[in-house]
Amino acid sequence: MNRHSIPKKIAVINDLSGYGRCSLAVAVPVISALGVQACPVPTAILSNHTGFPSEYKYDFTDHMTPYMEAWEQLKIHFDGILTGYMNYDAQVRATAAFISKFKKDDTVVFVDPAMADHGRLYRGFSMDYVNYVKDRLIKQATVIKPNITEACLLTGYDYNEVVEATGDHTMRRLKSCLINIIGELKELGPTDIVITGVDRGERILNTLADENGVRFISVKKTGHNRPGTGDIFSSIVASSLLLGMSLEHAVRKACDFIAVAIAISEEAGTPVAEGVMFEKVMSRLSATADQAKYIRR
Ligand code: PXL
């Protein structure tokens, strides 16, 4: 029997930002480091992410359909589909069509509804877009990873009230609020949910839910919020799930990796716009135990 198992395959639908360490530029190497085959579907090609003063952008939306049709001709089977930031209804439509075509009974569909943060929709996004994402993508997802702002927008909860619960109110009230939001998100279709980014001062509270119920994971902040960390998070969790890890273990692995990557970036004085120096800590992701037998000592 072949001792080498064939890597799981994941289609990654996201933009390619050439500079600034986000989207496909971080998703592909992180997924590869975990031993999963990353197959990118670009939604747009940018010189750099939009957190810099200017950028060049080439919209790839019109190419997405023929690109995916070429894959359909090849009859490729994906174990996972991971979606990230998109900014047009047309991109959501093309992505939804991709999921409908390639989602099989055993395909894990991981949707990051990246569209808002800190209580506000990103520039250029509207509630129509939120509802579009809800109807087209969330409905087809196995796992979703909204931050707390996105979770509120998707369920109609008032962000300020939830955030208030993080301040003056007790942790118990906050947790019951999060449990209610999880309940509503589950009604939309996904079986597994991770709500990230509830700010608790020195710490960040993540909430996760799967068939074993709701759990909370509180992590220490190790520095600034940096671009690309959401993409790294999704890439680690999605790949780890494909490797058979539990959702809780996958989320802990992602949180630990990002905490270290942020800490070393702070230490090195990396500008926030340049994301995290994940290259320096990448070896933490590889399954080195598996390869140890090939190394001559
Ligand atoms: O995942 C972050 C991201 C992705 N894509 C683009 C971005 C950003 C963050 O700024 O600008 C184009």
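Visitor: Which residue of S11 stands opposite Thr207?

Guide: This is a predicted model, in which local features need pLDDT of at least 70, side-chain atom pairs count only at pLDDT 80 or more, and totals for chains, interfaces and linings use all residues. Residues are numbered from 1 along each chain as its sequence is written, and side-chain values use heavy atoms, with hydrogens and water left out. Strands (E, at least two residues) and helices (H or I, at least four) are DSSP runs numbered from the N terminus. S10 and S11 run antiparallel and are joined by eight bridges, and the residue of S11 opposite Thr207 is Phe216.

Visitor: Which residue of S10 stands opposite Ile195?

Guide: Strand S9 (residues 192-200) pairs with strand S10 (residues 203-210) in the antiparallel sense, over six bridges. Two strands count as paired if DSSP finds at least two bridges between them. Within S10, Ile204 is the bridge partner of Asp199, while the residue opposite Ile195 is Thr207.

Visitor: Which residue in the hairpin of S9 and S10 takes a positive phi near 80 degrees?

Guide: The hairpin of S9 and S10 has two residues between its strands, and a hairpin through two residues also joins S10 to S11. In the hairpin of S9 and S10, the residue with the positive phi is Gly201.

Visitor: How many of the eight residues of S10 are buried?

Guide: Buried means under 20% relative accessible area, exposed means over 50%, and partly exposed lies in between, with a 1.4 Å probe and protein chains only. By this criterion S10 is mostly covered, and the number of its residues that are buried is six.

Visitor: Which are the edge strands of the open sheet?

Guide: The open sheet has nine strands with mixed pairing, in the order S3-S2-S1-S4-S5-S8-S9-S10-S11. An edge strand here pairs on one side only. The edge strands are strand S3 (57-59) and strand S11 (213-220).

Visitor: Which residue of S5 is the bridge partner of Ile81?

Guide: Strand S4 (residues 80-83) and S5 pair in the parallel sense over four bridges. In a regular strand the side chains alternate between the two faces of the sheet. In strand S5 (residues 108-111), Val108 and Phe110 point one way and Val109 and Val111 the other, and all are buried. The bridge partner of Ile81 is Val109.

Visitor: Which side chain is joined to that of Lys145 by a polar contact of 3.5 Å?

Guide: Lys145 is placed in the loop between strand S8 (143-144) and helix H5 (148-155), and Lys145 counts as buried because its relative accessible area is 6%. Leaving aside neighbours within four places in sequence, its contacts (heavy atoms within 4.5 Å) include Phe110, Glu150, Thr196 and Phe233. A polar contact is a pair of N or O atoms within 3.5 Å; within protein, one must be able to donate a hydrogen and the other to accept it, and residues adjacent in sequence count only if both atoms are side-chain atoms. The side chain joined to that of Lys145 is that of Asp112.

Visitor: How much of the exposed area of the ligand does the protein bury?

Guide: The residues around the ligand (a heavy atom within 4 Å) are Asp15, Ser17, Cys22, Leu46, His49, Thr50, Tyr85 and Asp231. A polar side-chain atom of Asp15 lies 2.7 Å from a ligand nitrogen, one of Thr50 lies 2.6 Å from a ligand oxygen, and an N or O atom in the side chain of Asp231 is 2.6 Å from an oxygen atom of the ligand. Taken alone, the ligand exposes 310 Å² (Shrake-Rupley method, 1.4 Å probe), and the share that the protein buries is 81%.

Visitor: Is Lys75 buried or exposed?

Guide: Most residues other than glycine have a negative phi. Lys75, although not a glycine, has a positive phi of about 55 degrees, and its place is in the loop between helix H2 (61-73) and S4. Because its relative accessibility is 70%, Lys75 counts as exposed.

Visitor: Which residues does Ala94 touch, not counting those up to four places away in sequence?

Guide: Ala94 lies in helix H3 (residues 89-102). With a relative accessible area of 8%, Ala94 is therefore buried. The residues that Ala94 touches, beyond those up to four places away in sequence, are Met64, Thr65 and Met68.
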